[in-house]
Amino acid sequence: MFRVIISGKFGDLDEAGRAAVLAASEVGFTERGAFTHDGTLSTFTFRCQVPAGPDDGEQDATRRALAALDAYGQAYDVLRVAVTDMRDIKMRRRPAR
C-alpha cells in the first residue's frame, strides 16, 4: 500500500467543480482520494491510498494517484508529490504487560 500526497493549485473552478471538491473533502487517505484545501479553493492537498503490487514502485503509485485526481475533472497544477511505501513502515509493538 502506498500513501500519496499531492499538493497543488486549481485552475478556474466553476460551481460544479467547487461542489465536487467540497464533496470530496476529508482528512484521511482513501483509494478515491480526498481533498483538503484553503478557504478559497485555490490550493489543495490531495491524499490518495494506492494498492501496491509486488513490483510496484513510487512512480507507479504517483501515476495512479494522479489518475485518481484526474477523475475529478478539474484543471490543476502539481506543486509537490510525496509518496510513502507503507510496506517499508515498521510497527513497534508495545511490550505485553
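Residues 24 or more positions apart account for 62% of the contacts (heavy atoms within 4.5 Å) in the protein chain that have a separation of 6 or more. The model is predicted, so local features need pLDDT of at least 70 and side-chain atom pairs count only at pLDDT 80 or more, while totals for chains, interfaces and linings use all residues. Residues are numbered from 1 along each chain as its sequence is written, and side-chain values use heavy atoms, with hydrogens and water left out.

**The whole chain**

Display the C-alpha trace of the protein chain, which spans about 55 × 35 × 20 Å along its principal axes. Switch to a cartoon to see two helices and four strands; these are DSSP runs numbered from the N terminus, helices being H or I with at least four residues and strands E with at least two. From the N terminus, the order of elements is β-α-β-β-α-β. Of the 97 residues in the protein chain, 32% are buried; buried means under 20% relative accessible area, exposed over 50% and partly exposed in between, with a 1.4 Å probe and protein chains only.

**The sheet**

Select the four strands next. They form an open, antiparallel sheet in the order β2-β3-β1-β4, where two strands pair if DSSP finds at least two bridges between them. At the edges stand β2 (34-37) and β4 (76-85); each has a single partner strand, so one side of each lacks a neighbour in the sheet. From one strand to the next, the twist averages 20°.

Now select β1, residues 2-10, which is joined to β4 by nine antiparallel bridges. Along this pairing, S7 stands opposite R80 in β4, and I6 stands opposite V81 in β4. The antiparallel pairing of β1 with β3 comprises eight bridges; here I5 stands opposite R47 in β3.

**Helix α2**

Axes are lines fitted to C-alpha atoms, for helices over the stretch in contact, and angles run from 0 to 180 degrees between N-to-C directions. The 13 residues of α2 reach 18 Å from the first C-alpha to the last, close to the 18 Å expected at 1.5 Å a residue; the expected span is 1.5 Å times one less than the number of residues.

Show the side chains of A61, T62, A65, A68 and L69, the buried residues of α2. They cover an arc of only 120° around the axis, which puts them on the same side of α2; the arc is that of the directions from the helix axis to the C-beta atoms. An α-helix has 3.6 residues a turn, so residues three or four places apart point the same way. The buried residues of α2 pack against β1, β2, β3 and β4, whereas Q59 and R63 are exposed on the other side of α2.

**The nonpolar core**

Select V4, I6, F35, F44 and F46, which touch the most other members of the largest nonpolar core, a set of 19 residues. Such a core consists of buried Ala, Val, Leu, Ile, Met, Phe, Trp, Tyr and Cys residues joined through side-chain atoms within 4.5 Å. At least two residues of this core come from each of β1, β3 and α2.

Centre on V4: leaving aside neighbours within four places in sequence, its contacts include F29, F46, A61, A65 and V81.

**A final stop: L41**

Move to the loop between β2 and β3, where L41 lies. The phi of L41 is near 60°, a positive value in a residue other than glycine. L41 is buried, with a relative accessible area of 4%.
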